[in-house]
Each structure stands twice: as structure tokens, then as C-alpha cells.
Amino acid sequence: MLFMPEVLLLNSVFDFITVTFISALIILSVLSLCFIFHLRLKSKSITHLQGFNSLWTVRFLLVLFIFLWAITELLRLPFFRHTYLNPFIPSFTVPQQANLCRVHIVLSLGFFEPAFLVILLFLLNASTRKKTPNDTWAITFVCITCLPTATLQTLLIFFNPLENRVPALFKRTYMVLNDDLNNETVLCGYPFLNSILFAGFGIVYATWFLFSCWRVLSLVINKGLRARIYGLTITVLVGLPLQIVSLGFTVLWNPRQELYSVFSLLVFLGAFCCATVGEGILVIKPISDALDAGGSCCLWNHAGHDDSLRHNGSISLDHVENRINAGEGCV
């Protein structure tokens with residue numbers, strides 16, 4: 001540590017903070033998976049839990065993509081590479097580390113984060129449908145939405161036709177830093193064009209998400225459920241813009257500078273908040289409520305819905321159950 005330059009020491013501090021948050025997110029993801037599989041096993045023996053468990057695959061994909069995003073975030077951290085990868089891969093060369101930075105951009109900004117954000121939106125939209133979407137449609141929806149973004153991110157990183165026309169400041173994916181012992185450390189960066197592409201996705205997504213939340217809130221009358229939806233909405237509509245703005249500011253500095261480390265941490269925290277709140281509200285909380293109340297926790301939430309839910313003077317239980325199955329009642 002005594003031979004580290006100040007910037008490397010500062011990066012190590014920010015990397016350690018990031019690793020701590022990632023560790024917490026991984027633990028939360030493992031806990032979410034335990035809840036999902038526990039409900040899956042319970043639903044085989046308890047009839048009224050089978051309907052609520054109809055979207056277990058979608059929730060599993062949500063947790064899986066968040067978990068993979070967290071692992072991908074580890075790849076860009078010099079602290080993690082030096083501490084955990086170098087002992088097992090001592091011949092980890094600079095070009096190989098640079099390729100990890102490129103892969104991180106494609107997987108993190110191009111697929112894993114857009115994928116779990118889209119699943120959050122899917123679960124929210126499913127709650128307002130009379131018929132619960134099947135798992136195949138959910139997977140198709142995620143692929144159709146995320147594949148163009150992932151493809152464009154890959155093209156910009158590995159086959160950028162504008163590479164020779166773009167200033168070096170805007171296409172920097174990594175920077176090599178030498179310490180006093182002549183050890184080379186690769187610091188990952190965020191290319192400007194890739195950040196612009198993610199910003200475009202984020203703006204479209206935030207608009208769609210806001211509209212979906214407004215539609216769900218117009219149907220929900222339970223105060224506790226409304227509070228959860230407000231919490232999810234505020235988190236996404238604050239965390240995602242924070243990430244996009246921070247990505248824009250990273251272009252103004254290079255990875256050697258202190259402010260770059262600050263904004264890089266903010267980029268991570270914006271997505272981290274969306275992931276943790278999404279798992280808590282759309283996975284752990286509804287499953288916990290369903291298990292505690294025997295799977296019928298939310299039936300009464302919709303007993304006061306408008307006359308559109310009534311047929312011949314009685315509430316359409318099929319419509320209510322479908323909304324419970326979609327996760328609305330127990331969000």
C-alpha cells in the first residue's frame with residue numbers, strides 16, 4: 001500500500017465500497033431464490049398457492065439477471081481482479097484485462113441491466129391484465145426488448161465503424177495505470193457512445209415505466225400496496241436518471257482522476273438501488289405475504305374495485321385471481 005500512487009489507493013477504497021454493496025446484493029439475490037423455490041415447493045402441496053406461483057419463472061429470471069449483473073460489475077474492479085483473480089490467473093495480461101472491460105460494457109449496459117429492468121416493467125404490467133401472461137411470452141418480451149440494445153452495444157465496442165472519427169476521449173474503454181513498482185493496473189471506463197445508447201434506452205424505459213405505474217395505481221385501493229408501488233416508482237425514476245447523468249459526467253474525466261471514481265460509484269449505485277428495491281418489492285415481499293396468509297393474502301385488496309369487476313351483482317373472482325397471480329395484489 002505504501003508504494004501505491006494516490007489515485008490507485010483512492011480507486012481501491014471506492015472498489016472496496018462497491019464490492020461491499022455487490023456482496024450485499026448477492027446475498028439478497030440468494031435469499032430471493034430461496035423464497036422463490038420455497039414457494040415453488042409449497043405450491044405443489046397447497047392448492048391456493050399454485051395460482052400465485054404461476055410467474056415463478058419470471059421472478060427467477062429477475063433475480064438471475066440481477067445476480068449476473070452484480071458478477072459482471074465485479075469484473076471491472078481492479079481491487080477484485082488483483083485480490084481474487086490474480087492468485088488463480090497469475091498470467092492475467094493487460095490485453096486480457098482490457099477485454100474484460102469491454103465485456104463488462106456489453107453485458108452490464110447492454111443486456112443484464114436492461115433485462116432486469118424490463119422484467120420489473122413486465123411484472124408491473126402483468127398486474128393489470130385479466131389473464132396472467134405465460135412464461136414463454138415473458139422470455140420473448142425480454143429478448144425482443146433487450147436484444148437490439150445488446151447488439152448495438154456489441155457493435156460499438158468491438159466493430160465500431162466510427163472509431164477513427166471519434167475523439168479518443170469518447171471511445172475510451174480502459175486506461176493502464178503504472179504504480180511505483182512498475183505494476184500495470186487496468187482501469188475500466190465508460191465510452192461516450194455506449195453511454196448515449198444506454199441513455200436512450202433509459203429515457204424510453206422511464207417513460208414507459210411511469211405510465212405503467214400510473215395505470216396500476218389507478219386500480220389499487222389498498223394503502224400498503226400503493227406505498228410499495230410508490231416506493232418502486234420513486235426508486236426507478238430517481239436511480240435510473242442518476243445513473244444516466246453520472247455516465248455522462250464520466251466522460252469529462254479519465255479513470256485516473258478522483259471525480260471519475262465518484263461518478264463511477266454513482267453509476268453503480270443507481271442500478272444497485274433499482275435492483276435491490278425491485279427484488280424486495282416484487283419477489284421477497286409478495287412471496288412472504290402469500291406464505292404468511294396462506295396464499296390468499298391479497299384477495300380482499302380488490303374487494304372494493306369498481307363496477308367493471310362486477311358481473312351480475314358479484315365480483316368476478318377469476319379477474320381478481322388473475323391479478324393476484326400476476327403479482328398485483330401482493331406487490
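Me: A salt bridge puts a side-chain nitrogen of Lys or Arg within 4 Å of a carboxyl oxygen of Asp or Glu. Why is the pair Glu73 and Arg76 called a salt bridge?

Reply: This is a predicted model. In the pair, the closest N and O atoms of Glu73 and Arg76 are 2.8 Å apart. The cut-off is 4 Å, so the pair qualifies. Glu73 and Arg76 are both buried.

Me: How many salt bridges does the structure hold?

Reply: Three. Asp289 takes part in one with Arg228 and in another with Lys285.

Me: How do you know that Asp289 forms a salt bridge with Arg228?

Reply: Their closest N and O atoms are 3.0 Å apart. The limit is 4 Å, therefore the pair counts. The pair links distant parts of the chain: Arg228 sits in helix H7 and Asp289 in helix H8, 61 residues apart.

Me: What makes Arg228 buried, partly exposed or exposed?

Reply: Arg228 has a relative accessible area of 22%. Buried needs under 20% and exposed needs over 50%. Arg228 falls in between, so Arg228 is partly exposed.

Me: Why does Lys285 count as a salt-bridge partner of Asp289?

Reply: The closest N and O atoms of Lys285 and Asp289 are 3.4 Å apart. That is within 4 Å, so the pair counts. Both residues lie in helix H8, four residues apart, about one turn of the helix. Lys285 has a relative accessible area of 34%, between 20% and 50%, so Lys285 is partly exposed.

Me: What makes Arg228, Lys285 and Asp289 one network?

Reply: Their salt bridges share partners. Asp289 bridges to Arg228 and also to Lys285.

Me: Which residues touch the most other members of the largest nonpolar core?

Reply: Trp69, Phe116 and Tyr205, in a core of 71 residues. Helices H1, H2, H3, H4, H5, H6, H7 and H8 each give two or more residues to this core. The largest share, 16 residues, comes from H4.

Me: What does Trp69 touch, not counting residues up to four places away in sequence?

Reply: Among its contacts are Leu25, Phe112, Phe116, Phe268, Ala271 and Phe272. Trp69 also touches Ser108 and Glu113.

Definitions and conventions: Residues numbered from 1 in each chain as written. Predicted model: local features only at pLDDT ≥ 70, side-chain atom pairs only at ≥ 80, totals over all residues. Heavy atoms only, no water. Core = buried A, V, L, I, M, F, W, Y, C linked by side-chain atoms within 4.5 Å. Buried < 20%, exposed > 50% of the residue type's maximum accessible area, 1.4 Å probe, protein only. Contact = heavy atoms within 4.5 Å.
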